[in-house]
Amino acid sequence: MNGELHVYPVRGIGEVTTEDDVAALVLDAAGRSGLGLEDGDVLVVSSKIISKAEGRTVDAHGRDEQISAESKRLVAARRTPGGLARIVEAAAGPVMAAAGVDNSNVAPGTVLLLPGDPDASARAIRAALTSLTGLQLGVVVSDTAGRAWRDGQTDFALGCAGLSPTEDLRGQDDTHGQRMEVTIRAVADELAGAADLVKGKLSGVPVALVRGYGDFVLPKDEDGPGAAVMLRPVAADWFRYGQVEAVRWALGVDPETVEAPTAPPGPVLDRLLRAVEVALAAPSPLPGVSAPICVVNVEQSGLFVVPELPADPVALGALAQRLSAAAWSEDLTVTISLEPRGLRVLPG
């Protein structure tokens with residue numbers, strides 16, 4: 001590789017419909033854009049046009065049900081003015097908002113699902129392009145997602161074929177002769193992000209051509225492992241759940257059985273009552289000691305959690321700890337005291 005990367009928009013593809021030949025559309029548009037393909041080129045194709053060609057358009061009225069159907073696992077959920085926002089492990093593989101079910105750049109009243117197997121879609125497009133051109137090409141299927149710790153969205157590789165999705169630099173020495181121990185470049189993601197700078201979300205350009213990465217494009221008969229290998233296995237995922245969901249699971253409560261918090265956070269008392277609901281829903285962590293059955297009395301300064309019957313003091317202590325943990329998940333600290341009426345819970 002000569003150290004230069006060139007990224008070109010492939011214009012003129014137009015609206016894609018079911019059973020359109022994406023590879024033929026891309027090749028035709030590249031020619032009309034004056035972009036003759038060369039060995040080593042990488043084509044970054046928006047998943048949207050692939051989903052449209054694969055007939056993955058559905059009625060928008062069932063969007064929530066479609067999100068559930070396209071989800072393997074809830075990671076985090078928050079109630080917003082626009083409805084319930086969910087971060088999930090999508091059936092297509094990545095962790096992303098709403099399982100990738102999207103209502104942008106589609107006909108009103110419809111939503112678009114992700115391709116069922118993005119790596120297979122990338123392989124099929126590459127095979128078709130190879131058959132049409134005889135060239136050694138790479139294909140990246142891109143989509144958009146947010147990232148933990150940072151605002152804004154960027155494109156990433158949902159699927160890929162014809163190139164290794166990562167470059168493992170571990171064991172090599174840096175410019176100061178120090179051995180690199182953890183560096184694995186997310187090459188396919190970087191190519192998708194670079195392509196998005198010329199594709200954009202508002203310009204109607206769903207494909208970009210990246211030139212200059214040819215040394216890493218695989219031979220025509222090798223597709224590579226696909227983007228699925230970039231997904232972290234469960235054992236290596238430090239951020240498997242959101243803050244609220246992790247605490248609820250730790251307390252033995254299915255996160256979806258208690259109302260999701262709001263974003264931004266709601267009134268303190270609402271959050272405190274939700275924390276109490278979680279604490280009371282949790283099973284007793286003590287073998288042979290039942291969790292106390294309680295009622296909640298709301299007062300101006302806080303609330304009382306009052307056992308309906310005399311409770312084992314050890315069980316009350318366990319309940320107090322569950323209350324503290326559930327309140328923490330709601331970004332609250334609480335003061336809990338034992339009084340004749342029960343547990344007095346004050347925020348702050």
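**The sheet and its salt bridges**

Tutor: Lys48 counts as buried, at 18% relative accessibility. Buried means under 20% relative accessible area, exposed over 50%, and partly exposed in between, with a 1.4 Å probe and protein chains only. The model is predicted: local features need pLDDT of at least 70, side-chain atom pairs count only at pLDDT 80 or more, and totals for chains, interfaces and linings use all residues. Residues are numbered from 1 along each chain as its sequence is written, and side-chain values use heavy atoms, with hydrogens and water left out.

Lys48 meets Asp102 in a salt bridge, 2.5 Å from N to O. The term stands for a side-chain nitrogen of Lys or Arg within 4 Å of a carboxyl oxygen of Asp or Glu. This pair links distant parts of the chain, 54 residues apart. Lys48 sits in helix H2 (residues 47-53), Asp102 in the loop between strand E6 (95-97) and strand E7 (110-112). Helices (H or I, at least four residues) and strands (E, at least two) are DSSP runs, numbered from the N terminus. Asp102 is partly exposed, with a relative accessible area of 22%.

Now the sheet. Five strands form an open sheet in the order E1-E12-E2-E8-E9, with mixed pairing. Two strands pair if DSSP finds at least two bridges between them. Strand E1 (6-10) and strand E9 (150-161) are at the edges; each has a single partner strand, so one side of each lacks a neighbour in the sheet. On average, neighbouring strands are turned by 30° against each other, direction ignored. Axes are lines fitted to C-alpha atoms, for helices over the stretch in contact; angles run from 0 to 180 degrees between N-to-C directions.

Strand E8 (residues 138-147) runs antiparallel to E9, joined by nine bridges. Asp143 stands opposite Phe156 in E9. Helix H4 (residues 118-133) packs on the sheet and touches E2, E8 and E9. Its direction makes about 55° with that of E9. Contact means heavy atoms within 4.5 Å. Helix H1 (residues 22-32) lies across E1, strand E2 (42-46) and strand E12 (207-211), at about 105° to E1.

Back to charges. The whole structure holds 16 salt bridges. Glu38, Asp41 and Arg211 are linked in a network of them. Another joins Glu167 to Arg185, with the closest N and O atoms 2.5 Å apart. Glu167 lies in strand E10 (residues 167-168) and Arg185 in strand E11 (residues 184-185), so the pair ties together parts 18 residues apart in sequence.
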